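Dear colleague,

Please find below the structure that I am handing over to you for your work. My findings follow directly after it.

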Amino acid sequence: MFHFPVRRKKEIVNEQVEHLNKELDENSLSRSMKSNVETIKKLFSDVDTLIIRYIQNNHNRDLKFCIAYCDGVVSSAIINENIIKPLMLSDAVQPDEFLIDHLIENVVLISETQKTKHLKDIVESITYGDTILFVEGADEAVILNSKGFQTRSMDEPENEKILSGPREGFNESLLQNLSLIRRKVRTNELKMKFITLGRMTRTKACICYIDKIINKKLLKELYRRLDLIDIDAVLDTNYITELTRDSAWSPFRATGYTERPDVVIGKLLEGRIAVFLDGTPVVLTVPYLFIENFQSSEDYYLSFYYTSLARFLRIVGFFLTIAVPALYVAIVAFQQQMLPTQLLISIAGARRSVPLPAAPEAFIMLAVFDVLRETGIRMPSNIGQPLSIVGALVIGQAAVDAKLVAAPMIIVVAITGITSLLVPKMNAPVTYVRVFLLIMATAFGLFGFVLGLSGVFIHILNLHSFGIPQLSLSGSLQFQEIKDTFIRAPWWDMITRTKSMTSNLVRMKSNHGGNHD
Amino acid sequence: MIKKIACVGMAMLLLLSLTGCWSYHGLNDMTIVTGVGLDLDPSTKEYLLTAEVVDSTASTKEAGTKTKIVESRGKTVMDAVRNAKKRLISKLYWGNNEVLVLGSELAKNGNLGNVIDWLLTDAECRETVGIVVSQEKTAKDILSIDGLDNSVVAFEIKKILEADQNDVGTVEKVPLFRVFSILESPGRSIVLPAFHNTKNDDKKAVEANGEAVFKDNKMIGYLSPEESKYYLFAVDGIHGGILTLSSTEEEVPDVSLEISKSTTKSSYSYSEGNLKVTIQINTDVYMDELKAHSDLLDESKIKEIEKKAQAIVEERTKGVIQKVQTEYHSDIFGFGNMIYKKDPKLWKGMEPQWDILFPSIQAEVQSKVNIVNTSFLKHT
């Protein structure tokens with residue numbers, strides 16, 4: 001059922017990592033604090049940010065402690081006030097066999113503590129901003145939460161700006177991101193399960209869902225695929241997307257991406273599952289339906305009349321941006337009969353004494369447009385405006401005046417470019433599909449164009465996201481399900497959720513549906 | 001994956017051999033024909049081809065589309081078309097050709113069926129091309145002048161053809177495919193719109209001037225625009241136009257009735273060798289002009305005008321039918337076709353003598369005119 005990519009693992013890397021893990025797994029702590037500290041030092045040799053600090057209790061000189069932490073990821077205030085100070089000044093403990101428990105219960109002023117014997121836990125905790133407390137004569141260490149690293153503020157995401165609606169955005173801290181969700185969905189049904197991904201990075205990820213709404217099979221499938229991930233680093237959610245998607249080679253999106261908490265909550269409430277990853281503001285939502293390419297969070301915050309029109313325009317824009325250059329070439333170079341006579345004459349006039357035939361012209365102009373767009377994205381914003389002026393002038397005015405390019409071609413490229421901005425979520429696939437259709441149209445005219453378009457749609461119809469068809473045109477389609485597709489129905493009318501994703505269809509009890517019949 | 005790509009690639013290669021129209025020819029490599037005229041050279045029996053083509057060097061944004069004339073001759077139409085290439089850089093492109101003008105010489109002595117055959121069978125030509133007959137000496141005389149509104153005279157002719165039936169009601173556009181189907185259907189002759197040159201503001205302009213009547217494949221005469229209107233009444237082809245009549249005893253017409261809708265039903269009866277055709281015309285009109293200050297709120301006055309209009313329609317339609325019966329002997333009304341459709345057996349017997357039978361048909365015209373709107377302003 002699933003077309004799951006078979007990844008050929010590099011055996012050598014595997015062995016190295018396994019060796020490392022084995023070493024950590026097999027070694028545990030001894031009763032001698034000194035040897036424990038030495039072990040840590042050895043593990044972190046050449047890591048100068050590791051700080052080791054010995055402490056002696058003022059009341060009982062036999063109580064010897066040592067703390068270890070990584071500089072930069074901890075809060076010194078917490079370590080000074082809540083760890084070192086009480087350890088030095090407390091007279092509440094004696095060096096007995098319950099020492100560690102007494103320390104946790106009576107001395108350190110840290111909310112989150114954990115006893116451990118394993119070096120693996122210790123390494124993971126130190127690198128994540130925790131402080132490790134070693135005690136003389138104990139074969140256990142205490143992990144104390146002293147995290148304190150800098151995070152970015154929760155600004156509105158640059159590429160998901162909206163006119164009205166919540167303006168918060170995620171940042172790179174997993175827990176802060178989760179807090180944004182937790183604060184808005186105040187129910188115990190909101191589940192958050194942590195997993196760790198990446199052999200080297202040991203990145204924390206959180207799977208987030210609302211228990212009573214989701215489809216349990218989907219959750220199982222997500223866990224199964226996440227378990228199969230075996231990679232050294234997971235720096236962004238896109239790693240997860242590519243490693244878990246159904247059709248490995250498809251350019252179309254298989255998971256939803258967002259940096260906005262309100263979008264994530266909206267999707268959670270429709271029965272989707274969100275995957276948060278530490279270190280990135282981008283959150284994944286699965287499954288991803290094809291129609292989500294045309295949806296925007298703002299659709300739900302503005303009047304449904306306006307947003308239904310916007311939806312419709314985006315869908316039209318999608319067709320225009322993939323089809324216009326191919327259609328132009330097919331008609332101008334093959335099926336001229338399709339043109340009204342006056343238009344034919346004016347295009348023929350414009351194409352007079354232009355050196356290149358229509359097809360190469362289209363390829364070159366599309367390439368130039370993509371170059372301009374790419375430079376526009378990667379360039380510092382203060383150069384942007386001069387460049388766009390130069391681009392517009394050079395390509396638009398000068399090229400036509402110099403008879404290098406026919407004026408209709410400029411219009412075609414302009415329509416293609418502008419309409420592609422209507423579907424920003426499909427930037428990559430749209431470019432490939434456009435070029436594919438153009439090649440088909442150049443080779444076979446309108447026949448090729450129609451054949452290519454059919455091919456593209458067959459491909460899209462075949463796409464699945466975690467086993468759920470991304471584009472469903474089956475006879476089982478129900479009226480309620482299309483209310484949030486081509487149009488956005490008013491909220492009082494969207495009574496149920498999408499069937500394929502959820503085990504709990506009822507979004508709204510129909511008799512609570514506002515002041516209408 | 002590689003297997004998949006190979007499969008797709010092979011399918012594409014197959015496409016090359018499977019498709020029909022995949023030749024790539026750029027727009028700038030073609031001479032776009034807007035209208036074409038055909039004449040017959042009586043001495044050599046060769047076809048003279050006059051093509052109005054777009055002059056892309058002279059066409060500018062300000063001046064609009066300019067055209068020029070390309071001439072050639074050949075033993076057949078196709079031969080003439082190909083011979084034109086001898087004096088052109090690129091081939092003539094027929095996909096957007098709008099009209100075919102037949103010279104009167106060709107229409108009289110040539111064979112219409114043969115002439116249109118090339119247009120029908122060529123891949124590029126449209127089946128919607130309008131066919132007209134030139135009342136000037138040659139087809140070139142019509143095509144070589146500038147239009148009044150549109151410098152491309154072929155477009156002007158096309159526009160006139162398309163609108164005439166609804167606004168004036170004197171000619172009917174007969175596209176190529178209908179010409180073919182009429183020529184092929186039994187018991188029916190064809191009429192084609194006729195065009196001539198006229199003076200307008202001291203310049204030449206083209207004008208629709210009634211219909212040209214064909215018998216079999218040859219033209220045998222014309223109907224004047226007025227006659228054509230009543231021909232259209234007879235064949236249910238009128239969608240607009242003006243009826244003028246006098247509401248008083250005087251001769252000078254003072255009433256204009258604009259036709260809004262008209263339906264014609266024809267039927268026939270056959271008994272003892274007598275063929276009788278009944279034509280029922282039902283016309284809705286608006287009263288547009290009334291010179292005499294009559295009281296239009298008076299029902300009887302309106303009835304009177306309606307009666308007069310009915311009489312005119314009946315009389316003139318009958319007149320046209322009689323003229324065609326006596327002068328042209330050509331069944332342009334499709335009476336024979338009507339019989340063929342309803343009673344093929346009867347038609348089979350009649351067909352050999354149809355040329356003798358047709359002039360002897362008794363035609364009866366019944367007209368009903370309803371004034372649906374008097375546009376009465378105020379009683380003065």
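Predicted model: local features only at pLDDT ≥ 70, side-chain atom pairs only at ≥ 80, totals over all residues.

Seven residues from domain 3 of chain A and seven residues from domain 4 of chain A make up the contact between them. On the domain 3 side, H10(A) gives the most, with six residues. By class, that side of domain 3 of chain A holds four nonpolar residues, two polar and one charged.

As regards the chain as a whole, chain A contains 15 helices and 12 strands. Its radius of gyration is 30 Å, well over the 24 Å that the globule rule gives for 517 residues, so chain A is more spread out than a compact globule. The C-alpha trace of chain A spans about 100 × 60 × 45 Å along its principal axes. Of the 517 residues of chain A, 32% count as buried. Among contacts in chain A with a separation of 6 or more, 65% join residues 24 or more positions apart.

Finally, the contact between chain A and chain B takes 20 residues from chain A and 19 residues from chain B. On the chain A side, helix H10 (304-333), helix H11 (341-351) and helix H15 (427-462) each give two or more residues. The largest share, seven residues, comes from H11(A). That side of chain A comprises 13 nonpolar, five polar and two charged residues.

With kind regards

Note on methods
Residues numbered from 1 in each chain as written. Chains lettered and ligands numbered in written order. Contact = placed C-beta atoms within 7 Å. Helix = DSSP H or I, 4+ residues; strand = E, 2+ residues; numbered from the N terminus. Nonpolar A, V, L, I, M, F, W, Y, C, P; charged D, E, K, R; others polar. Rg over C-alpha atoms; globule rule 2.2 N^0.38 Å. Buried ≥ 20, exposed ≤ 12 C-beta atoms within 10 Å, placed from the backbone.
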